[in-house]
Number of protein chains: 2
Amino acid sequence: MGVSWIGVVGGAGVLALLFAFVATGKINAFKVENDRINELSGIIQKGAMAFLYREYKALVPFVLLVAALLAFKINVPNAVCFVSGALCSALTGYVGMRVATKSNGKTAYGASQGMNSALRIAFTGGSVMGMTVVGVGILGIVGMYVLYGDANVIASFGFGASSIALFARVGGGIYTKAADVGADLVGKVEAGIPEDDPRNPAVIADNVGDNVGDIAGMGADLFESYVNSIIAAMAVGALLFGVAGVAYPLFLAAIGIVASILGTFFVRVKEGGDPQFALRMGLISTGLFMILGAFFVTRWIFDDLTLFWAVVGGVASGVIIGYITEIYTSSSYGSVKEIANASNTGAATNILAGIGVGMKSTGWPVLFICAATLVGVHFGGLYGIACAAVGMLAITGMALSVDAYGPIADNAGGIAEMSGLPHEVRNITDKLDAVGNTTAAIGKGLAIGSAALTALALFVAYAQAVKLDTIDLKDPKVMVGLFIGGLLPFLFSALSIQAVGRAAQKMIDEVRRQFREIPGIMEGTGKPEYERCVDISTAAALREMVIPGLMAVVVPVVVGLILGAEALGGLLGGSIVTGVMMAIFMANAGGAWDNAKKYIEEGHHGGKGTPAHAAAVVGDTVGDPFKDTAGPSLNILIKLMSVVALVLAPLFS
Amino acid sequence: MGVSWIGVVGGAGVLALLFAFVATGKINAFKVENDRINELSGIIQKGAMAFLYREYKALVPFVLLVAALLAFKINVPNAVCFVSGALCSALTGYVGMRVATKSNGKTAYGASQGMNSALRIAFTGGSVMGMTVVGVGILGIVGMYVLYGDANVIASFGFGASSIALFARVGGGIYTKAADVGADLVGKVEAGIPEDDPRNPAVIADNVGDNVGDIAGMGADLFESYVNSIIAAMAVGALLFGVAGVAYPLFLAAIGIVASILGTFFVRVKEGGDPQFALRMGLISTGLFMILGAFFVTRWIFDDLTLFWAVVGGVASGVIIGYITEIYTSSSYGSVKEIANASNTGAATNILAGIGVGMKSTGWPVLFICAATLVGVHFGGLYGIACAAVGMLAITGMALSVDAYGPIADNAGGIAEMSGLPHEVRNITDKLDAVGNTTAAIGKGLAIGSAALTALALFVAYAQAVKLDTIDLKDPKVMVGLFIGGLLPFLFSALSIQAVGRAAQKMIDEVRRQFREIPGIMEGTGKPEYERCVDISTAAALREMVIPGLMAVVVPVVVGLILGAEALGGLLGGSIVTGVMMAIFMANAGGAWDNAKKYIEEGHHGGKGTPAHAAAVVGDTVGDPFKDTAGPSLNILIKLMSVVALVLAPLFS
């Protein structure tokens, strides 16, 4: 293989960005002729971009400090890669958020012309995010590889991406849930006004939060997953197969981009058709194209198909875990109904039922992660695990398009409500939103499954880098490392849940104050002070993201320096195990509570306004920080710690 | 050292039983001249003994089946040890329960004569349990050692004890919490009648449950901890130091018995004195006697003091973890106040605050477990870890006396209420009960800390027994084992929480039915059908304990047979890590919620009847199965799986 292969892979990245560019043009070309929508859309965009700007500004000292330490303690190329990774992550967040906040209002306006038009805009908006993430990701990695030609150096690119992602997820998660809980508990429950009512002082913060958390946070999250899975495979592959081992994951990623672009053409809904079917067709066709392409690439590079099966194992496990997630969190199945039923006997039994479902739901996903691991090992040794993760994540372009579509549809609903569009419009956006929730389950499954496999691959790369023959559990230091690693996801979750709780309490007090003090607010004659609520969320997010974020970077370094490289290996193992469990538990418990509430709101067990509904609202509120703050952050945490260990390996060996 | 040392150790066991015998005599000698108390006490005793009988009967087939498999697959001595361990555990449960249910009514009657008299009876009742556990434990181990002289065979004694303990903890936990939740939610919240009101149909089941869960369950739990810590140290020590390594932990246990007996003389309260001070003096003096004795025994056996420091590290960590537990769960400190404060904004924020506190509370205890491990290793290698665990648990005689005292005082309060004793009597029992809660925190700390260290020691013994050079985390099979092991505490908790939820819902329905259908029940003219509620709890406990109990025995065997001895090692490591985290999280969250409710009931945030109080009741109810069913069962689970692996090592190597 000549150098030309780099051109091919880079070309796929350019293709992805071109696609995103064209899609952005389509969205810009769609004009909204409704001043109220444009105004609201502008307010939300301004709030979201202001937060992003302040967040990035707050992270500059952190990035510079780490870069300086890397330059000083490791070398300059690592520092350059780290800064590039951080910048690329910030760039994808910026682009995705800009387009998404533009698409919200247009989707709302499109919904007044019919389901089809709304679906196209929302999905196109999501696909800009999806394609930007994979395009920037692959071009960044290829660029760094051309510069330095060493996978272990490029690990710092992943380190940069992970750091930004963790802060973005935690900060965004705190922002959105503080606003959400505040808006719901005071506005909906106490004042009795509907969701997204413009009289609610926290309504803008709530809608900004959806973008900050679900778009920017999720984008940074998947960018990080994507590049780290590729980097881990490159690092492991370089030692085993030389350049071929480095090129293979990049080619898989390139195929994934082409497959995703092809897949977008299958997202079509006829007038009166089912949007869920359209999105699912997009995902399934992408998966099939991916597998087909992987077949040919594997045969071309290795003249042998064994590794192909590792990739197939990864793709299949990812999809299966997604469907399992749906079974535990969709109201079409037993678990959510059980929670709804337990709401009849009050909030306590609702909470216990949800916790039970969440804990139980860890079973099958973990077994399929184990299966993907064993299949990967069987067909490709440790490299097989890494390739399985790349296989899962190569279709990120499509998976993220579908994922990001959800919050756009959700926001469109909010704008429709606030700008007083007719009821039918809200019905359409609600339907699109509901579909987004279901398909998002598959995205969550991919995220968790790939996080586990990527973390394992990074763990293997770390062990190679520090040249450890064994990481022996019988060594008490390894066991102590395992305990400390296992502890971190608990502390991390505690910190982020408590942060949401504190911020939400402030928000509740502020919203109560405005309802009390602003004359005419309930009659619509007094204007709520939206900015104050935005400020509370912003300040809380920026303040509270610091400690959990730093913990993830500092603790592995301290353990590595004091207890040694083996203990650090134990720490990574422990953090992966409890991190994956807690991530699945919290994501699924939160999703199930949410849908149990919706199920009751559809009229079951007496519907809205009954004690059962009140109990279900408690469950939903508890689930909010579970599924949107702590849970998804854990996926990043375990990879960030592994990549920190990998990058800093020279310090410990 | 000649054979005579066995006589000395056995003598300490006999001494413990003699003490228990004399204490029982004292309790029998105290006559209650109140027919209503005697009647109620009789009903509770009958219910409790009936449950115990049915539980043991249900376990006979399991014990026989495992014994047959052991005899067939390993050898007959292992089968004999297993059955003996199971019988000894059942015996301690029986004795403890008999005496405790006798002491309840006498404590209530004693309280009408004054605080001092009530404290003496309750503590004497608890000490029968404590001394029986250590006496039977040490005599059982010594007996098996005399018979077979091989620590690895005696591991089956621990296996028997652990099996019974797991079923007793899970079954007892389900029994008591189903009854408790049912009695509280319908009786207190819906019907508005006080705690322990005889008009509540679930009141007898609730009081029986306290004995079944907190006395029999806890007794079996600590019996299992006690014997397994000793057995693990014997198994590790035999390889390193021969007979001296076997004798040392037994001598530590013997010293612990003497220290506990001496300690009981310090539990004295002057008229008008502070019972908390009395109990704490008992514990502290026992700890000091223990350390003093360990000093001389270590010097005598090894002519060297290094191992002494490992023991001191164990005792100190146990006590420190106990105090940390108190900080997170007592209303004198910030965490509980934070939860109480969060109750002002409703049940959801109360739940989030409690979960945050519980997760955060894992930090320091785990670090002190790590510290005890590292200190143990530093001074005594792997044997040091085992000796640290024995050090922590040697004072079980006193720790359990103090622990078992709590539920006796609690039950005495119930009997006082039901038999219409004057208000002052209830005040005294409430005060005794509150003291019990505080001192019990130290007991819980010891239980969790020792469980972690004992499981580690058993893990080491297992690795020795299957002759593994390393258990390498880089081996993907070990990592898969780690994942499966990490999964089990989540599944186990889910099963037991869901079981409580289901049983509680049945109980709620039944209590509601009785209030509806029995004429005059609220006026006190109609008699509630207590037996139906007892039946619901009994049936649920027996049915629901089966699957979690079997899972703990079957999964390690399956993983060992299919994936091999290394993967089983990984499984044990994973289960210990997540098991310890979850045990601390659930125990402390539950304790903190409970005390936050009590704190509000004392008048803070508006006191009883306010929305804040209602929110705190939700938290308390969620915490019930956390702290009394799932949490403590996990301590047993991790040791049971380790001891299963150790006993069945010949199958996997």
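This is a predicted model: local features need pLDDT of at least 70, side-chain atom pairs count only at pLDDT 80 or more; totals for chains, interfaces and linings use all residues.
Between them, chain B and chain A bury about 6,100 Å². Carbon and sulfur atoms account for 83% of this buried area. The contact involves 70 residues of chain B and 71 residues of chain A.

Within chain B, helix α8 (residues 275-302) packs on α9(B) at an angle of about 165°, and the axes lie 8 Å apart. Because angles over 145 degrees count as roughly antiparallel, α8(B) and α9(B) are assigned to that class. The crossing of α8(B) past α9(B) is right-handed. On the α8(B) side, the contact is formed by Arg280(B), Ile291(B), Ala294(B), Phe295(B), Thr298(B) and Phe302(B). On the α9(B) side, the contributing residues are Leu307(B), Phe308(B), Val311(B), Val312(B), Val315(B), Tyr323(B) and Glu326(B). By class, the residues of this contact comprise 10 nonpolar, 1 polar and 2 charged.

Helix α9 of chain B, which spans residues 306-329, also packs against helix α12 of chain B (residues 363-394). For this pair the angle is about 160° and the axes are 8 Å apart; α9(B) and α12(B) are therefore roughly antiparallel to each other as well. The crossing of α9(B) past α12(B) is left-handed. The contact of α9(B) with α12(B) contains 20 nonpolar and 9 polar residues, with no charged residues.

Definitions and conventions. Residues are numbered from 1 along each chain as its sequence is written. Chains are lettered from A and ligands numbered from 1 in the order in which they are written. Side-chain values use heavy atoms; hydrogens and water are left out. Axes are lines fitted to C-alpha atoms, for helices over the stretch in contact, and angles run from 0 to 180 degrees between N-to-C directions. Helices (H or I, at least four residues) and strands (E, at least two) are DSSP runs, numbered from the N terminus. Angles under 35 degrees count as roughly parallel, over 145 as roughly antiparallel, 65 to 115 as roughly perpendicular and the rest as oblique. A crossing is left-handed if the near helix is turned anticlockwise from the far one by less than a right angle, and right-handed if clockwise. Ala, Val, Leu, Ile, Met, Phe, Trp, Tyr, Cys and Pro count as nonpolar, Asp, Glu, Lys and Arg as charged, and the others, Gly among them, as polar. Contact means heavy atoms within 4.5 Å. Buried area is the accessible area (1.4 Å probe) that two parts lose on being put together, summed over both.
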